Amino acid sequence: ALRASEEHAQLQSLMRLVNSLPCAASLDQVALAALTVSAKTDAPFHALVLGPSVLPHLMRHALKVLGPTASSGAPSSGGCGWLQVEQLLGAALSLAPQSWVVLHRARVLENALEQTFPECLDSFRRRYRPSNESTAPSVPDANSYGSSPEELLVARALAAAGWPTAEVRSVEARETPDLVLWVALDLKARRGIAPPRRGVSVDTLLHLGVAPAVKADLFRSFLALPMQHIVPEAKAQAKALLPRDLRFDAANSKLWFDPPSAAASASGAAAYEDRVRLAAWRGVRGELERAPAEHQNGVFSLLDLGAGSGGLSLACAMAFPNATVLSVEEDEELSGRHAKAAEGIGAANNLVCLEKPGATIAKHFAESPEFFRYVVLGTCLVDLIRRDEDATLGEFLSSALAVGLSTFLPLGADAKVLSLAYATLFPQNEAGAVDHGSLGSWPPRGHLASNQELGLRFAASAHPWGAAWAGSDLGLLTSHLVKGLASTSAGVPGLEVALSKVGDGFPFLVRADVINMTRHVHHHFDYAKDGHKRTYTMRVEADSGDGGPNGKEPGSIVGLTRSAERSLGLPIGGLSEGNAKGAVRFVELRRETGPLGPLEGSRFLSTEGPNKLETRKSSSRFSLPPGVHLSGGRLTSVKMGRDGSSHVIPYSSLKAVTLIAALRAGLVPSQRERAWRLFVRLPLYEDMAPWNIVFTGKEVDYIDFDTRDRTYDHEVGKAYQTLSALMNYKRTVSDLAKCGDRVGNPYNFPFISECVKSEDFKGPCQDPAAPVPCGDGTCKSDYITCLRALTDATEAAERAAQAQARAAEKERAAAAKAAEREAAAKAKEAAATAKAAEKEAAAAAKAAEKAAKEAAKEAAKETPEFMSGDAPPPLGEPAEPEAVEARAETKIYSEFSGKGRPASREASREGSREVSGEMNSTRSLEAYGDAAGQGGMLVVT
C-alpha cells in the first residue's frame, strides 16, 4: 500500500494534481479512523468508494488472524471471523454518508474460499445464503434484503457499524460480470450526524497514513496559520490545538482551525506566499521608517528574491519613489501580473525579472560588484528547506546575504510553532523528523486518545517542547548558513553577519546585517559570458568599537561610531551582542537609548547627502568618510579595490543596479523596452557598455567615473565622414606602397590602426585617446597620425643626416687645411733645419780646413829629415800635387805600417787613395779615426 501511494504521488505530480491525497493505511487504521466519528458531529468525508480488492483483503486478514476455530462471538459466523470482516467493512463504509463498494460475486468468493480456506466455505454459505433462519434483531437476514449474498454482506456490515436501516442497492456492470457495485445511501440522516464540511480533518489524514508529500504541504500550511490569533484564543479557552480541529482543503491547499474564520486559516500556496510577503513588508517598512538615515531618506536599492506577484516590491516602490527595487520571480504568470501592476500604478522604479531566485542567480550577484542596501527573501525559510532538492540552500543563503548590507528573511515559524507542527504532523520519528522524547508516537494505536493525552501533546503552552526546541527557529537558519559558508563554491567564506528578530508574529522576520566580509568579485554580472578577466576585492567592515570588525584586529573605521555619537550628542542605535556561533552572531536591537525615550536613537537621525548624518532636533551634524553607512546601529564601511592596484572605490551610495545585471536576471520585455527608451535619451559618453549604465529610481544614468566628464554627441555626427576619410586615406597610402600590415587596438576597430605594424614597438596601448602602437615607440590616436609622425621622423632623420654630412665635409676641409698648414710648417722647418745643417757643415768644413792647415803647419815642423826627399815649396807658394801626395804616403806609412816597418809604396798609395776618398765626410773621418788602430792617429797633411 505504501509503494502504491508513492506511485500515486508521483503520478499526481506529473499530472499537476493538487486535490488528491494518497495515503497508505492498514485495516486497523481505517477502523480507528472510523471510530473517531463518534467523537464528532460530522462525518470525515462526503462520499466513499471501496475498490474490489478491499473485501478480499478483509477476508484474508480475518481468516489468517482469527483462524477457523476462533470464537467470533456470533453463532452464525461459523468460527471463521466473518463478524470481524463485517465490522471492518462497516467501519470503512461509515466514513461517509454515501458509499460505493465494488464486490466480487458470491460464486467468485466461494471459489476462492474453496481453494484457500475450504473449512470456512460452509460457514460463508450459511451466513450469506438465503435461509429462513432468524438472526438477532439488529442483524438483517437474507429475507430483509432479497436473495443476493452480496447485498446481505453489505447490510450486515452496515448493521455492525451501527447503521441497521441504511438503504442499499446495486448497480450492474455488464462488462464485468464477476463484479457488482453496491451503493449505500442516506447515512447522514442517522443518529443526527451532520453532513461533512469542506476539507478533511488532519486527524483523519494522520490515521489513514497520509503520504509524506502531503505532509510537507500540511506542514507548510500549519506554519502559515495565524498563531497570533489562534494561540491566544486557545489559551483563553484553555484548549489544545488538536489535529481533529484542523481541516485541510487540498483543492485550494488551505488549512484552517476549527471553528473556521478568516483570521484562523491558512490559504493555498499562492495566497500563502502573498501573505508571507505582505507580512514581511510590514516588518521591513517598520525598519525603514525607524531608521531613515540607514537609507539616505529613501534613496536606496532593494533586491526582492522570490517576489511572487509583487506585493512587497510594489509596496516598497510606492512608499519610497526614489528607491530602486529589483524583483526576481520564476513564475511567468506571477511576474507578468507584477509587471502589469507596476505599469498600472506608475511604479517605474520597480524592475521585474523572470528568473529562478535560487543559488545560481544569487552566486552571479555575489561574483559581481553589485551591492544592494537591502535584500528581501520572499520565500519562508521552512519552504526553502522543503524545496531544497539539489541541496544548495546553504550556498543560496550565504550568497544572498553577501549581496546586500542588510537582508530580511522570513523564517515562517518561531520555535513554538515549529515544535507544535512537528508534534502534530511528524510524531512517529519518520525519516527527517525530530524526536519529541516523552511525547511518544501519534496517533495512538488501538484506542482513542484521552483529553489528558491531547492536552499534554497539543496545548500551545506546552511548546516549544524542551530546551532543544527553544532556539529551533534561528537554528534552522544558522545551520544552513554555516553550511553554505563552509562550501567552496559559495564564494564568500569571509562573511560575518549579525542576526536580529524583527517583530513577534508571522512570518517571524529575521534581519541579517553584514559586519565583516571580504568578497572577491569580477567585472560585472555573469562576467564569464564576456570573457572579462579583471578582478576586484570588496571589503565590508563595521565599526565594533572594540578594536576591529570582529574585535580582534584593528579596523579602518574603528572608533568612528563613538566620534559620531560625541558630535551628535546621542547614541546611533547600537546592538546588544548575544551568543555567537561561528560567523553568525545573534543580536538584539536596543529599543531604549538614554534620554531620547523608548525609540531608538537612529530614528532621530537623517542624512544630508550621502555622507552626512544630522539629528532632527538639535541639527547636529557629523560628516562620514566616503563609503560609510549606518546599518543596524553601526557605522559600516563598503569599499572595493581593483586587484593589483592601490585604487579604492568607495560605495558612497547604495541606490542603483546595473543594466547588465537586470538584463541577465531576466528583465521582462515591457520594462526592457522602457529601459531602451531611457537609454537613448542619455548623452553620449565614451564607455556606455551595459555595466556602466544603471537604474536609479525611475531613471537610468551613466556611472563610469573616469569618462563621465565628456560627451561625444557632436563628434558622433561626423562618424561616417571620419570612417570614409580613414578608408580612402588607406587606399592612397596602399597605392603609394606605403601601407604595411595592420596593427591591433584594444577593441580591434577597423580603419583605426591600418598600415603601421612595427616590430620595434607593439604596445600595449590601453588609453582610449591613443590606442594605436606606432613605430616611433609611442601610442597614437589613429594610423594617420602615426604615419605622419613616422614621416616627420623620417624627414627629420634625413635632415639630420644631411646636416651631419655637411658637418663632416666641413670637418674634412678643415682637417685638410690644417694638414696643409702643418705640412708647410714642417717643410719650412725642414728647410730651416737643412739651412742650419748647411751652415753647420760649412762651418765644420771651414774649421776642418783651418784645422788641416794648422795640422799641416805642425806636421811641417815635425817632419824628419828622412821624409823630406824633396824640398818643400817655399812659403807662400803652393806645393806641387805630386809632392804633397808623396808626403802623405810617407805619413800614412809611418802611422799604419806598425812597428816602424817600411811599407811598400804601392800600399802607401792605396792608403792614400782610401783616405782621399773618405775625406768628403766628417763622419767617415771619424769612422776612420775609430778604425785606424786603437791609439794611433791619422794625420793628413
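Colleague: Are C774 and C786 buried or exposed?

Modeller: Buried, both C774 and C786. Keep in mind that this is a predicted model.

Colleague: What joins C774 to C786?

Modeller: A disulfide, with an S to S distance of 2.0 Å. The link of C774 and C786 is right-handed, with 90° about the S-S bond. C774 sits in the loop between β28 and β29 while C786 belongs to helix α25 (residues 783–862), so the bond ties together parts 12 residues apart in sequence.

Colleague: How many disulfides are there in the whole structure?

Modeller: Three turn up in a search of the whole structure. Another one joins C765 to C779, S to S 2.0 Å.

Colleague: Which hand does the disulfide of C765 and C779 have, and why?

Modeller: Left-handed, because the torsion about its S-S bond is about -80°. As for location, C765 is in the loop between α24 and β28, and C779 is in strand β29 (residues 779–780), so the pair ties together parts that are 14 residues apart in sequence.

Colleague: Why does C765 count as buried?

Modeller: Because its relative accessibility is 5%, and buried means under 20%.

Colleague: What's the accessibility of C739?

Modeller: C739 has 25% relative accessibility, so it counts as partly exposed. For C755 the value is 7%, so C755 counts as buried.

Colleague: OK, helices now. At what angle do α9 and α17 cross?

Modeller: Roughly 145°, with the axes of α9 (residues 212–223) and α17 (residues 415–425) coming within 10 Å. The crossing is right-handed.

Colleague: Which residues of α9 and α17 make the contact?

Modeller: On α9 they are K215, L218, F219, F222 and L223. From α17 you have V417, L418, L420, A421, Y422, T424 and L425.

Colleague: And how does the contact of α9 with α17 split by class?

Modeller: It has 10 nonpolar residues, one polar and one charged.

Colleague: Let's switch to strands. What's the order in the sheet with β25, β26 and β27?

Modeller: It runs β25-β26-β27, an open sheet of three strands with antiparallel pairing.

Colleague: Which are the edge strands?

Modeller: β25 (657–658) and β27 (699–702), each pairing on one side only.

Colleague: How many bridges link β26 and β27?

Modeller: Four, with β26 (residues 693–696) and β27 pairing in the antiparallel sense.

Colleague: Say I want to click on one of those. What is the bridge partner of F695 in β27?

Modeller: Pick V700, which is the bridge partner of F695.

Colleague: And what holds paired strands together in general?

Modeller: Strands of a sheet pair through backbone hydrogen bonds, parallel or antiparallel.

Technical notes. Residues numbered from 1 in each chain as written. Predicted model: local features only at pLDDT ≥ 70, side-chain atom pairs only at ≥ 80, totals over all residues. Heavy atoms only, no water. Axes fitted to C-alpha atoms, helices over the stretch in contact; angles between N-to-C directions. Helix = DSSP H or I, 4+ residues; strand = E, 2+ residues; numbered from the N terminus. Left-handed = near helix turned anticlockwise from the far one by under 90°. Contact = heavy atoms within 4.5 Å. Nonpolar A, V, L, I, M, F, W, Y, C, P; charged D, E, K, R; others polar. Disulfide = S-S within 2.5 Å. Buried < 20%, exposed > 50% of the residue type's maximum accessible area, 1.4 Å probe, protein only. Pairing = 2+ DSSP bridges.
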